[in-house]
Amino acid sequence: MNIKMLLAGAGASVLLAGCAGQQSSAPAGSGAASQRSSADEQVYRGTLPCRSCSGILTTVELSGDQNSASPSERTFTLDAAYQGHPQNPPAEHYQGTWDIISGIPTDPQASVLELTPDQRSEGQMYYFLQIDDRTLELIDPQLHRFENGESLRLQRQ
């Protein structure tokens, strides 16, 4: 099992598992501007639901400035650790570049983080809707929110 499979089918997994109540996010850090205009690193963390475990502790770290001309200056890491999984899979680590895209089908003004792993054969692109300056929500590749989106949220640290 790996997180790219979970993220590809997050909505179905959570609906089948009925794990929506298993989200547990670490306390959020101090507030900050919602625009990603600072070169400071931003860290988001939360526990995503898992069909065969108690949750997937997920951390996304963003570095760089969204206004940078070079995508290589906007980098991310995504780490996922399975909690209480019977097969005890190893933690997963992805890295690559990120960008901000505008709009989702239900909200043309929405901001979405698009994470592109360096190793295309290893990973897929990930999309997180910016709910507010401290919250990201995993959405599908067609930029649609899942019914159980509240259980797919990461909080800024």
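In this predicted model, Leu143 is buried, with a relative accessible area of 17%. Because the limit for a buried residue is under 20% relative accessible area, the value of 17% places Leu143 in that class. The residue sits in the loop between S7 and strand S8, the latter formed by residues 153–156. Although Leu143 is not a glycine, its phi is positive, at about 65 degrees. Most residues other than glycine have a negative phi.

The surroundings of Leu143 include residues from other parts of the chain. Not counting residues up to four places away in sequence, Leu143 touches Ile101, Gly103, Ile104, Pro105, Val112 and Tyr127. One of these, Gly103, is 40 residues from Leu143 along the chain, and the two C-alpha atoms are separated by 8.3 Å.

Asn88 lies in the loop between S3 and S4. With a relative accessibility of 62%, Asn88 counts as exposed, since the class of exposed residues begins over 50%. Both residues are thus in loops, Asn88 between S3 and S4 and Leu143 between S7 and S8, but Asn88 is exposed whereas Leu143 is buried.

The strands form a closed barrel. Its 8 strands run in the order S1-S2-S3-S4-S5-S6-S7-S8, and their pairing is antiparallel. On average, neighbouring strands of this sheet are turned by 30 degrees against each other, with direction ignored.

Several of the strand pairs can be described individually. S3 and S4 are antiparallel and are paired over 6 bridges; here Phe76 stands opposite Gly96 in S4. The antiparallel pair of S4 and S5 has 8 bridges. Within this pair, Ile104 has Asp107 in S5 as its bridge partner, and a hairpin of 2 residues joins S4 to S5. S5 also runs antiparallel to S6, to which it is joined by 4 bridges. In S6, Tyr126 is the bridge partner of Leu115.

The largest nonpolar core comprises 22 residues, and those with the most contacts inside it are Ile56, Val60, Leu62, Phe76, Leu78, Leu115 and Phe128. At least two residues of this core are supplied by each of S1 (42–48), S2 (55–63), S3 (75–83), S4 (92–104), S5 (107–117), S6 (126–132) and S7 (135–139). S3 provides the largest share, with 4 residues. In soluble globular proteins, nonpolar side chains tend to be buried together.

Leaving aside neighbours within four places in sequence, Phe128 is in contact with Val60, Leu78, Ser111, Val112, Leu113, Leu115, Leu136, Glu137, Leu138, Ile139 and Leu154.

Methods:
Residues numbered from 1 in each chain as written. Predicted model: local features only at pLDDT ≥ 70, side-chain atom pairs only at ≥ 80, totals over all residues. Heavy atoms only, no water. Core = buried A, V, L, I, M, F, W, Y, C linked by side-chain atoms within 4.5 Å. Buried < 20%, exposed > 50% of the residue type's maximum accessible area, 1.4 Å probe, protein only. Contact = heavy atoms within 4.5 Å. Pairing = 2+ DSSP bridges. Axes fitted to C-alpha atoms, helices over the stretch in contact; angles between N-to-C directions.
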